[in-house]
Amino acid sequence: MSISLIELNEAGKFYLDKRFNLLISTGDFIVIKGINGSGKTTLLNLINGFTVNDFGQIYRKPIRISYLPEREVLPLYVNTHHYLLEVARIKKAHLDYRLITDFEIPLSKSIHTLSKGNRQKVMLVSCLTGYYSLLVLDEPLSGLDSKAVRVLKKYLKKLNEKNVAIVISTHKPERFKDLAQKVIEL
Amino acid sequence: MIKYIINGIFTHKRRKIVLGYLLLFACSLFLVLKTDTTAMEQLLHKEYEIYHYNNKLFEFLKFFMPLSIGMLVMEHDQGHIKILVTYFGRKRIHLAKIVSYILVVTILFYFTYLVYVLYAKFFTSFYTTKILIHDEFLYVYLSSLIFLLYLLLCIREKNKLLIFVFVIVNILYSMIQERIIRIELFYLIPLTSSLFKTYKYTLWYQVGYVTLLVLINIHISKKEHLTI
């Protein structure tokens, strides 16, 4: 049985000529697509609670959300392994070394020396670590090679089977067509 | 969470910068406190030497503390901390951030106090435990916390260079307070000045002000629009 986690009812912001209606329940896999400026980031901000809606209502259960932003937000000049261990420690979770191995992340290197793709993988691992009911990913495929995309999709499928709701905003919705239950075009 | 934030402040590279900065601070403080008078003269004019020793230190701190706090707080609005808001909640993250920065400022003060005591003990002839002024340190410490909390309230990633304006305003404000003695100024922003520290309730007013700023910080963080 699915439980509704977040419901947006005609929710919107004053600067956007658009209202959002969306119900996110446990086990959902939702893909959001749209052209630039269509309101994808605003919708994710409303889901994450980063911004308050000016119109409509948002009902949310007090749940843990894990969020991967589009922009790179890693602390530089920190050892990759130390950073991931710290994230796991504060989230009181264990690092998934299998995922790290599959992603081929060079753990011994400092974050600032990593390539864009590897930094994205580090961000993904830090986001996927923990215990959460909803996973929000903004352009998760940015900079990933095809092997990493396969690994990520496999991991997301497993998470989704464990009833974790997943919301993905992407310009490449076709990459998730085998997993998505709902595709929202803005 | 506090450990995570402090590690974020003092990354491997920044740790070296901070260490270098502390060494520079210690050297500057040594130069400021340095006196050319002989040991005999120091003993002869003990009161005068003690007065000047303490005065020089607190004048130095008036410039050094806002600058140091400004440098520490510059990177407080980091994205990797902000994204944790969805996982832990705004209140917990913001409270942890405030506590972390207060801890860092406290450690900075402890270091300053150490230099102040050790210099007097090993390089002057007038040192006795009686020369140490603890209450004045407390006033400067609380003033620094007020400045820190204003920075946490106003400075964000997109406007972080504004921090230098705050530092300059803080230094100018301290200088103005020494010349234009107006109690309204002190009520508005109770940074320590030589007059107001003699008032009976200055300390409690500053403690209350710090508490209020913490509460305002938490309240504003609840509704703040977060951008990553």
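Which residue, with a positive phi, follows helix 1 of chain A? In this predicted model, helix 1 of chain A is followed by Gly49(A), whose phi is positive, near 80°. The buried residues are Lys40(A), Thr41(A), Thr42(A), Leu43(A), Leu44(A), Asn45(A), Leu46(A), Ile47(A) and Asn48(A).

Positive phi values also occur in chain A at residues other than glycine, and Tyr77(A), with a phi of about 55°, is one of them.

The largest nonpolar core holds 89 residues, among which Leu134(A), Val136(A), Val167(A), Val73(B) and Leu148(B) touch the most other members. The element that gives the most to this core is helix 8 of chain B (residues 134-154), with 11 residues. When residues up to four places away in sequence are not counted, Leu134(A) touches Leu5(A), Ile24(A), Ile63(A), Ile65(A), Ala165(A) and Val167(A).

Between the two chains, 17 residues of chain B are in contact with 21 residues of chain A. On the side of chain B that touches chain A, two or more residues are given by each of helix 1 (2-9), helix 2 (12-33), helix 5 (79-82) and helix 6 (85-88) of chain B, and helix 1 of chain B gives the most, with 3 residues. By class, this side of chain B has 6 nonpolar, 9 polar and 2 charged residues.

Within chain B, the axes of helix 4 (residues 46-73) and helix 7 (residues 90-123) come within 11 Å and cross at roughly 150°; angles over 145 degrees count as roughly antiparallel, and the two helices are therefore roughly antiparallel to each other. Their crossing is right-handed. In this contact, Tyr53(B), Leu57(B), Leu61(B), Ser68(B), Ile69(B), Leu72(B) and Val73(B) of helix 4 meet Tyr101(B), Val104(B), Val105(B), Leu108(B), Thr112(B), Tyr116(B) and Ala120(B) of helix 7, and the residues divide into 12 nonpolar, 2 polar and no charged.

Helix 7 of chain B also crosses helix 11 of chain B, their axes coming within 9 Å at an angle of roughly 145°, and this crossing is right-handed. Arg90(B), Lys91(B), His94(B), Leu95(B) and Ile98(B) of helix 7 make the contact with Val214(B), Asn217(B), Ile218(B), Ser221(B) and Lys222(B) of helix 11, and these residues divide into 4 nonpolar, 3 polar and 3 charged.

Ile189(B) is found in the loop between helix 10 (183-188) and helix 11 (202-223) of chain B, where it is partly exposed, with 15 other C-beta atoms within 10 Å. Leaving aside neighbours within four places in sequence, Ile189(B) is in contact with Ile146(B) and Tyr173(B).

Note on methods:
Residues numbered from 1 in each chain as written. Chains lettered and ligands numbered in written order. Predicted model: local features only at pLDDT ≥ 70, side-chain atom pairs only at ≥ 80, totals over all residues. Core = buried A, V, L, I, M, F, W, Y, C linked by C-beta atoms within 7 Å. Buried ≥ 20, exposed ≤ 12 C-beta atoms within 10 Å, placed from the backbone. Helix = DSSP H or I, 4+ residues; strand = E, 2+ residues; numbered from the N terminus. Contact = placed C-beta atoms within 7 Å. Axes fitted to C-alpha atoms, helices over the stretch in contact; angles between N-to-C directions. Parallel < 35°, antiparallel > 145°, perpendicular 65-115°, else oblique. Left-handed = near helix turned anticlockwise from the far one by under 90°. Nonpolar A, V, L, I, M, F, W, Y, C, P; charged D, E, K, R; others polar.
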